[in-house]
Amino acid sequence: MFSSGSGNTVIKSKLISRRMFLLTVSKAVVVVGVLGRLISLQINESSKYKTLSDKNRFREWKLAPERGIIKDYFNTEIASNKQVYQIHLIPENTQSIEEIFVRLKTILNISDKKIFSLKKKIAKQKPWEPIIISDNLNWSEFSRINLFLHELQGVEPIVSVARVYKDSSSAHVLGYVSQVSAKDLKNKKYLKEMSVPGMAVGKTGLERRLDEQIIGEVGFQRYEVNAFGKRIKQIKVDPGKAGEHFKTTLDLEIQKYTAQILGDKAASVCVMDIYNGDIVSLVSSPSYDPNAFVHGVDRDYWNNLINNDKKPLTNKAVSGLYPPGSTIKTLVALSALENKIIRPLDTVKCKGKIELFGEKFHCWKKKGHGIMNMRTGIKRSCDVYFYEVARRLGVDRLSETAKKFGLGKKVLRDFFEERSGVVPSTSWKKKYIGQNWYLGETLHSGIGQGYFQSTPIQLCLMTAQIANGGFEIKPRILFDKRKNSLKEYLKFKNENPGQPLPADLLVSNFDLKPLFKNQENIKIIKDAMYSSSNEPGGTSYRSRLEDKRFTFAGKTGSSQIRKFTEAQREAEVKQEQLKYENRDHALFIAFAPVSDPKYAISVVVEHGGTGSSAAAPIAKKVIKKVLERHSLRQSIHSLPGDSI
Amino acid sequence: MFQPRSIQSSLSFRDKLFSIDYVLVLSILILGVVSMFAMYSTDGGQIKYHTESHIIRFFVFFLMFFILSFVQIRFWHDTSYLIYFAFLILLIGVKYFGLTSSGSQRWLNFYFMNLQPSELMKIGLILFLAKYYHRIPIESVNRLKFLFLPIFVLICPVLLVVMQPDLGTSILIASGGLVVAWLAGVRVKFFAYSILVFIALLPIAISFLKPYQKARILTFLNPEKDPLGAGYQIIQSKIAIGSGGLFGKGFLNGSQSYLDYLPEKHTDFIFTLFSEEFGFAGSIFILSLYALIVSRIVKIGNITRSNFGKLYCYSFATAFFIYVVVNMGMVLGLLPIVGSPLPIMSYGGSSMMAIMLGLGIAMSCKIYKDTPVN
């Protein structure tokens, strides 16, 4: 018993030890496994996990940069920033989104529609990303929110800055800013790293053109956050960089004045310095309130703009296309002189109409002008005279001159919405319409009808280049120190008072390119324009300014929308009797003052009737204003030692 | 008749004090102190509720361990069935009177603590089977009729715990029991059979699983699939440990735990927190302490005369090893997340109590190593 029991115990104990040994071996294997895992995590892949840990730990909130300011020539801010009161909501900090919205609805005036779209937005984004509930609260709403803030977990009152436009006279030039759209993010590369809630981007005008520089650099706040997204402490703040400021060549006073004169007419005015191409005024009307877009445009307001026949959203000065009408006659005459087709005193007899190529061509004056030469032809805007000149000149030579003087191509590079218009020629027609040129079309082109299409700024440039003696200028709307040759020009003017500029000096000193073959021809055209505005019988004689300081020389134009029927012509239907949309566009171009030209202007009034009655009176007022401010304009950037 | 050498039964208190394994005691103390620092860190560098009660518990149960060490090994042998049944009754009590927390009914409310009988059952089952296999002759171990009782006493608590539901603890209880059976010489084929039966029953078992348990298993297979959902714990734990690097982020500087990215950092993920703050060096330190504790218990088993003592010590050492490895495997992303505390380190009274009880019995095996049990 003893021995067997003892033996049994010993055998058992040996069995246990043997099996324990096996267990110990397997334990060792397991320990090696755990060790291996520790080595892999804490040594081999440690840097990867450190990055992941930091990613957990830090969270960045981007800060929208302050947009650069746009100023006028006199450093008046025309697009600036103001403080706005906003409320943001961070979804993950709220206890219940539903409840918050119910509370907010009682405190603020938020529509169900807005709440619905906000909820949709929340569902799309990360829970810690703030969403803007309202981006422009008034003070009383904002203080009410602050009063109830303790009940509104996750709601944050924010004082931010937003774009503000002082007045709407420059709305088209400046354009407007609005919330970033999905399309913007896709198309504009510079926005890639900038998606900050509440950031506005330029949508049209200079705001769009300058967006990349004016928008600034996004800043950020880096916080250490816990697993619930709660900010524990601020680690780093980068305030970002405010956008660049820009200065334009515009004169806000003139902008306002012009806008006021235009009222709600569908019209545009462009004023340009004829020597350096500075655009002093560029107004399109009717205008709109660009501030309405900053915080998301109201649907009704938007529909009003869209459905308005006068197209308030279009910058007519650069993207409105009009047949130049009789204003082109200056170039037709110039082209004919340059090509020696006709001498200034050669005459043509106007009987009110001529028949050519089996078609009747009417003069605007039914009774006819009688014997016409170049000066009287321009002065009285005789169509028959120009039919004859155009016939001899041919469309291709006209087209060459027109292009040289700035028609048919974009004038500024600052507007995406600018259009280039059309200068017809035989090859143009072949290419774009696929037909041969008819000779009759040359005659239409000779009075600026037919295929001719031009923008008001092109007409202004054309006038400026005639007025400055026929030199090429590069119009600009952004103030530019380097390219401004105004200083030398002024110096020359001061040293040689009252003396007209000799051509060769302009060419060499101001690096100008002459557009003429013989400058005498330019003088003839300028003189004819003078007669048109300042001699009895001239088409814009009634709008003349007799004060020598303001006297201008101009050319009227009316561009036909629709061809007069014979019946209408017989009945001598007046423009006022036509339906608004069938009336002619009224055009007027001019330069002033005649004695020492400084500025060129173009005025286009859509469906205004005749240039002499609708456009010239506007030009008269604007010219006076511009010239009154001329010395002020010069003084601000021509002080000795002042860099220009 | 065989006369038991009764020298040991009349050991003086001084002898007993000398025969205590002080390396083991020291390792436990060091681990205890380390755990207090870890707990202090989970409280955000302050002595708050968790730290305070962890310190109290550690010292109370450490004292209990020390006192239990002097209890005769024979007492443990004689009362082991009783202890098992007492724990089983407590487990049944849980089913009817238990407290429910986060969807699981595990605790009994006693005046001084909320007791989790399933933790105690880890020791109870080992004790029961150690005695059982100590008593039956070696030839009978693999006879079918002697297999019924072990299977029965293993299945009962495991089922009760699974139904709580507490998958982790039930697996740990079962693994302790299986280790005893293995050491006692149950043939490999029986283990193979039971694995086959287990696999056959798996689909049925899965249908009983709660959705969150199914999710956990799926998550373990591919944690990145749902990083903010069920896989969150594994990913965050791996990030914490991995970002600790060689020497860690420094005491009280574990950003993952400080910023609450670590779930259950007091309990199951205490190793993660420690490892984040003390890095690979700290991990190795903890691992070595556990290895030391396990090897000391195994050593007690080696020198204990009685097979009851051997079976108990070897089984307890192996079970202890399994607890540690399962917990580490879990936080290292090697095993699915099943709730299993890290012995001594993790916050939790019942787990501490059970471990100290187990260690106490092992120490009693050391003191009475030459005393026969029957």
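Reader: What makes strand β8 of chain A and β9(A) a pair?
Author: In this predicted model, β8 (residues 219–225) and β9(A) are joined in the antiparallel sense over 6 bridges. Two strands pair if there are at least two bridges between them, so 6 bridges make these strands a pair. Within the pair, A:V225 stands opposite A:R231.

Reader: Why are β1 and β9 of chain A called edge strands?
Author: The open sheet has 3 strands in the order β1-β8-β9, with antiparallel pairing. β1 (58–63) and β9 (231–238) each pair on one side only. From one strand to the next, the twist averages 25°.

Reader: How do you know that β11 and β12 of chain A pair?
Author: β11 (residues 267–273) and β12(A) share 6 bridges in the antiparallel sense. The cut-off is at least two bridges, so β11(A) and β12(A) count as paired. A:A267 stands opposite A:S285 in β12(A). Their hairpin has 5 residues between the strands, and A:G277 takes a positive phi near 80° there.

Reader: What makes strand β12 of chain A mostly covered?
Author: In β12 (residues 279–285), 7 of its 7 residues are buried.

Reader: Which residues make up the contact of chain A with chain B?
Author: The contact takes 35 residues from chain A and 34 residues from chain B. On the side of chain A, α1 (2–44), α2 (46–57) and β8 give two or more residues each. α1(A) gives the most, with 20 residues. The residues of that side divide into 18 nonpolar, 8 polar and 9 charged.

Note on methods
Residues numbered from 1 in each chain as written. Chains lettered and ligands numbered in written order. Predicted model: local features only at pLDDT ≥ 70, side-chain atom pairs only at ≥ 80, totals over all residues. Buried ≥ 20, exposed ≤ 12 C-beta atoms within 10 Å, placed from the backbone. Helix = DSSP H or I, 4+ residues; strand = E, 2+ residues; numbered from the N terminus. Axes fitted to C-alpha atoms, helices over the stretch in contact; angles between N-to-C directions. Contact = placed C-beta atoms within 7 Å. Nonpolar A, V, L, I, M, F, W, Y, C, P; charged D, E, K, R; others polar.
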